[in-house]
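Here are my notes on this entry. They take the fold of one chain, then its contact with a partner.

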Amino acid sequence: MQTDLVVVGAGPAGLAAAIAAKKAGVERVLVIERDSEAGGILNQCIHSGFGLSYFNLELTGPEYATRFIEQAMDIGIEFLFDTMVLSVATNMVRALNANDGNIYVECKAVVLAMGCRERTRFAIAIPGTRPSGVMTAGLAQRYINIEGKIIGKRVIILGSGDIGLIMARRLTLEGAEVLACVEIMPYSSGLSRNISQCLDDFEIPLLLSHTVTEIHGKRRLVGVTISQVDENRRIIEGTDRYIECDTLLLSVGLIPENELSSDAGILLDDVTKGPIVNDYNETSQRGVFASGNVLQVHDLVDFVSLEAERTGRAAAKYILDFVSSTDANRRVCNADQSEQQPEIHTIAKENISYLLPQRIVLEDHGDVDIFFRVKQPIRKGIVVVYCGDKELLRLSKEYLAPGEMQLINLNKQDITDDISVEVEVLR
Amino acid sequence: MYDVAIIGAGIVGAAVAYTLSHYDIKTIVVEQHDDVAKGTTRANTAIIHAGYDPKPGSLMAKTNVRGSILWEQLAMTLGLEYIKTGSLVVARNEQEAVTIQQLYRNGIENGVAELEILSAEQTHQLEPNLRQDIFCSLYAKNAAIINPYQSCIALSEYAARNGVNFMFSSMVTDISVIEGGYYVTAGNNLFKTKYIVNAAGIGAEDISYMAGGEGFGSYSVKGEYYLIDRKHGGYTKKVVFPVPSTSGKGVVVAPTVHGNLLIGPTSDRVSDGDNTAVTAEGLETIRAQASLLFNNLPFYDNIRNFAGNRAYISSDDFHLAMSSTLPGFINLAGIKSPGLSSAPALAEEVFTLLFTDETAPKRKTEMVPYRYPQRFKEMSEEEQQEALKRQPRYGQVICRCETVTEGDILQALSETLTPLTISAIKRRVNAGMGRCQGGFCSVKVHELIARHMGVPYESVTMDGTNSFIVFGDTKKGARG
């Protein structure tokens, strides 16, 4: 099998990247999806709130996905469904499905858009038994919204990430009693609108600086112990409380799914858990790009779409200018080819957990978007951007939260040295 | 009327069933749970020990050394996951080195081949992640790792296909002595048997008392574990033990046959043999103990914690004997470590206790062959093509983390002894055993079991009785 661009995953990132690449002139774009339809996790997100910034409309997840799916179909993007990609290299993707068996796709470039997975109770090593009734919020969402099944009646939610908050409301609407949303941090990592619409509106308590310290029940969950924690997240003795419940949902973080990437030898970032990329979202493997939650866990799908469109256009440029060009000197992307140009790194400093992209390519002009997250909530802070030792930019911010991704736009002409970003906290 | 009733379908019961299936007798296995391997067999360190630990002359020494040879053969004939990794017992100081010398002499006396004492430098060459300050080690080339539940499933499936009856979800509640045998009440069943093999693990003493037999001074010891992501599978190549103490073999760091890293167990006496809860203290102990030998253990990539209980008795040795008061009633008690290693040899011992040369039953001339079904992931490319021709659903991946296909699951569901639970499928084909712990595939396995086996969706449980997953339909109802 042959194509120009393979996109791994037909979720929001894969769809937007495929469409942008095709529109930018790539003749053949093939999207490979393990599920039986396109849309990815949006298909089970039946609540509204999607598209506010991208479409200026409030859409449900499936509605948001449908707009991209229809466009992809219209412009002739090819899809392979129920197909699992088993390995990836710049010019070859190996996949498997029930119709064709083992499939080898020759291609010119690849966009990785596999999304992310949920952290489990074991990732945070909650002690106790291992009964049924303990599941990740996303799995619960699938059972309820896709399979149409009730998964619990008395529910505790651990973690106040957005999926957990959304599920608190969804379960309440299905007649379950959501007893509390328990958060180990002194603040929620979820969007403030979700706290208000999913917890406050239903009078579901948000217990900050609390965590689940034991899971009880030999077969089905019968209860959990929750305890208060101090500022170092250590359990405060004597604050234990047993709560009878049949369900514990976990919304304790997402991890980019980069097994294919690391098998391909692609370098990953310890903080984002996604590939290290340049401003084209090209990974350390030439011609392999990454976008969406496989690159960094996003808060809003709208930003995924925008990021993936840039990635799709970059992949198109790579294919058209470099691979398909007869002029060997025309190259645009060089994440791992530092011998010709000084490699510009981005460096997270005080109060910043990560910056993306990690590298900037200076061979062309234009601007570059730099995304970052703060480590903890900051009320009144100044974002300072440095180029080497030189201050490039100061932005005053009323409020910064780890749950809300920030964006800085820089002109490449101003970049001569490594870029570092920090936040000064005003007291 | 059965000739032999085996109580308990753990690794010992399964090995006895496997052995007896080669003879022309009627055998039944009675199990309280819905599946084999649900007690100690399910949660242990998964090691076939070389045999240098047990006291020379003990039953433990004899069956461990013999068992480790038998396992290598069984792994070949049954197609089991088995890797002869070798093991190291690592001493941290001169004092511990004395124990290394003792273990070496023990091993030689027990007839263990391929033992060697290594210097710190030689030990580091084998395991570079060990701490710099170690002293020396005992290297046993014949130690191996195995998949305990797969082994138990395969032995049982072989026995079942060769005429052994299995009765699941049937807890034994009464055993009465009758002329020439016993009446056994198990679940809703009542049957007669000439002999009883009590392989009930941590429940063995209860079973013995039930029949009016003796006690063994039994108690349960819980062991907790960490299972680390496959990406750290290469952290150790060999099974690495600390120097043993009075409380057991200590916290082990070992690779698993699936490429994970297994760290544990703790060793805590518990009053409730059914208590397999993991504790914060236990996990802390594992981290502290393992860090005495190793640098930078990757606990941050933990994918599961679990605990299992092992059966202890007042004696240090295994108890395997005909009851002193009950004729034809064989007890296996205190089958703690190295019980897994010893199981096939214990089964041989059971046979010689049951039958004399004169009473020995006829050995069958032909057996129904059985090999554990190979998973798609493990097949060569030619084998994969063959499998896809036979069953195209081998092309549909269900568990993304462990690359388990629908074909693998359908194969497991078509075996004789597979119960219809999500965990039973997990134990058989590894679906849900990876880093996402079933976050994506458990709902697909759930649906496959219901659809393929024609059972109601609500009736599918995670792991048997009362471990139900869904309560019914949402207001809008099920899809479709």
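1. Two residues count as in contact here if their C-beta atoms, placed from the backbone, lie within 7 Å. The model is predicted. In chain A, take the contacts between residues at least 6 apart in sequence: 65% of them join residues at least 24 apart.

2. Overall dimensions next. The C-alpha trace of chain A spans about 70 × 60 × 40 Å along its principal axes. Buried residues make up 50% of the 427 in the chain.

3. Now the interface. Chain A contributes 37 residues to the contact, and chain B contributes 44 residues. On the side of chain A that touches chain B, the elements giving two or more residues are strands S7 (92-97), S8 (101-106), S10 (116-118) and S12 (149-150), together with helix H3 (137-146). Which element gives the most to that side? H3(A) does, with six residues.

4. What is the make-up of the side of chain A that touches chain B? Its residues divide into 14 nonpolar, 13 charged and ten polar.

5. Strand pairing also crosses between the chains. S12(A) is joined by two bridges to strand S23 (residues 472-473) of chain B, and the two run antiparallel. Within this pairing, A:Lys149 stands opposite B:Asp473 in S23(B).

Notes: Residues numbered from 1 in each chain as written. Chains lettered and ligands numbered in written order. Predicted model: local features only at pLDDT ≥ 70, side-chain atom pairs only at ≥ 80, totals over all residues. Buried ≥ 20, exposed ≤ 12 C-beta atoms within 10 Å, placed from the backbone. Helix = DSSP H or I, 4+ residues; strand = E, 2+ residues; numbered from the N terminus. Nonpolar A, V, L, I, M, F, W, Y, C, P; charged D, E, K, R; others polar. Pairing = 2+ DSSP bridges.
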